[in-house]
Amino acid sequence: MKKILVWSIYTRVFHLLAMVLMLGVYLSRDEDRWLSIHASLGYAIGVLFLGRVVWGFLDIPYSTFKDFSFNIVDLKAYMLAIFGAKKSYIGHNPASSYAIIGMMVLLFLSIVTGALAYGAQEGMGIASFLNHTWFAKMKLFKEVHEFFANALMFLIFAHIAGALLDRVLHSKLILRSMVDGYKEGDGKSVRLSIFQKFFGFFWLGAAVAALIYLLASPNSLLLADNNPRVDYAKVHPAFAKECGSCHMLYPPFLLPKASWDEMMGSLENHFGDDASLDSQTAQSIKAFLEDNGAENSTKEAAVYMLSHLKNDTMPHSITQTSFWKKRHHGIEKVALNDPKIGKISNCKACHPMIEQGSINDRDIKG
Ligand code: HEC
Ligand code: HEC
């Protein structure tokens, strides 16, 4: 048997980029602060795979979809023979053919649902309009996205496990072919036309350019923050002045109506301080807080806080809600030890836009 070039440099760089970007998108999935990076990586992977789909129609030997083997009988035989001598495939074997198509489908579903969840939950990106209409279902959007993303990760792990098993049981060359492109077999080496080379270059360049562009442009269409900033001093001057005099201004959507009612009814003993106001001002602030309380907000913090409320007796403060505690687990110590933060109720030390009504994930410091 002779050595033949099966994977062109473009296919190999594609595979390497896919691995690196996937790892990045996987590692950034849980950390709120990295959400914009997570989204940028997701879109860049989308560009990468879109190019791969076109690549599959360019008649490039071993990479063209025509050369994939989708025969179920072959797949069965391949899987059953995994520990024995098996038919060797020069291009994609039946298991990897299915895995690749599965990955492409799940990837597109993950990206689309990711964009929708980003809109519904955060009010950001191209689907931010969903935050005004479907905000109550934001958790569902997120869960559907996680479902597809987890299915994709499962398939990727299976694909990696398959490749490693192949390496152990069969030939060293299979894994090496990812790097140098060569396999042993009887076929012909790949030769690309000028057009195919040009496309390959454009394709991989576009994916990298998309990533760099998105990381550098937080206000681009796909990532833009479409949550309006609120100038409370204009919207309700008395609230901003009175309630911002001893501590930072807490936006009304951070507590439910009942909590504001209770707080406004006991201002003379407000966390040990006397914060009492003349009754007209108090009435007006109370009405404002109620109108803009968690129940009337589309904000992620409000929706999640309310959904956690069944575990709470009526909260007297924001830092008492179980939602808040869950998100800040372990952070209290950090805050106490940092003189610039001082106390944990000094939200703006870590959420710089909070007094303008915005707690964006990507703004979080600390
Ligand atoms: C006289 C000073 C003073 C004034 C005026 C005042 N507060 Fe407070 N407030 C405090 C203190 C002290 C605390 C408890 C310590 C802390 O968390 O900073 C507190 C805590 C809070 C908390 C809880 C923060 C947490 O930890 O979850 C909220 C919400 C709050 N105040 C809202 C208001 C509102 C609304 C007004 C206006 C009606 C107001 N405050 C006016 C002194 C004041
Ligand atoms: C010492 C820094 C720090 C302080 C102080 C702080 N936070 Fe946070 N907050 C964080 C971090 C870090 C996260 C992200 C946690 C995570 O990744 O899930 C977060 C997350 C949140 C979230 C969830 C954001 C989202 O989109 O899911 C809300 C809401 C929030 N904080 C509100 C507050 C409020 C209100 C206060 C003040 C009472 C406060 N935080 C004080 C650091 C802080």
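Which residues are the closest to ligand 1, and how many surround it? In this predicted model, 15 residues surround ligand 1, and the closest are Cys-243, Cys-246, Phe-271, Ser-317 and Ser-345. Sorted by class, the shell around ligand 1 holds 7 nonpolar, 6 polar and 2 charged residues.

Let us stay with Phe-271 for a moment. This residue sits in the loop between α11 (257–264) and α12 (279–291). Its backbone deserves a look: most residues other than glycine have a negative phi. Phe-271, though not a glycine, has a positive phi of about 50 degrees. Phe-271 counts as exposed because it has 12 C-beta neighbours inside 10 Å, and 12 or fewer is the cut-off for that label.

You will find Asp-59 in the loop between α2 (35–55) and α3 (72–80). Asp-59 is exposed too, since 12 other C-beta atoms lie within 10 Å.

Now follow the chain to α12, the helix that ends the loop of Phe-271. α12 has 13 residues and reaches 18 Å from its first C-alpha to its last, close to the 18 Å expected at 1.5 Å a residue. Its buried residues are Ile-285, Lys-286 and Leu-289. Seen down the axis of α12, these buried residues fall within an arc of 105 degrees, so they line one face of the helix.

What do the buried residues of α12 pack against? Their partners are α10 (237–242) and α11. The face of α12 turned away from the buried side carries the exposed residues Gln-280 and Gln-283.

How values were computed. Residues are numbered from 1 along each chain as its sequence is written. Chains are lettered from A and ligands numbered from 1 in the order in which they are written. This is a predicted model: local features need pLDDT of at least 70, side-chain atom pairs count only at pLDDT 80 or more; totals for chains, interfaces and linings use all residues. A residue is near a molecule or strand if its C-beta atom, placed from the backbone, lies within 6 Å of it. Ala, Val, Leu, Ile, Met, Phe, Trp, Tyr, Cys and Pro count as nonpolar, Asp, Glu, Lys and Arg as charged, and the others, Gly among them, as polar. Helices (H or I, at least four residues) and strands (E, at least two) are DSSP runs, numbered from the N terminus. A residue is buried if 20 or more other C-beta atoms lie within 10 Å of its own, exposed if 12 or fewer, and partly exposed in between; C-beta atoms are placed from the backbone. The expected span of a helix is 1.5 Å times one less than its number of residues. The arc is that of the directions from the helix axis to the C-beta atoms. Two residues are in contact if their C-beta atoms, placed from the backbone, lie within 7 Å.
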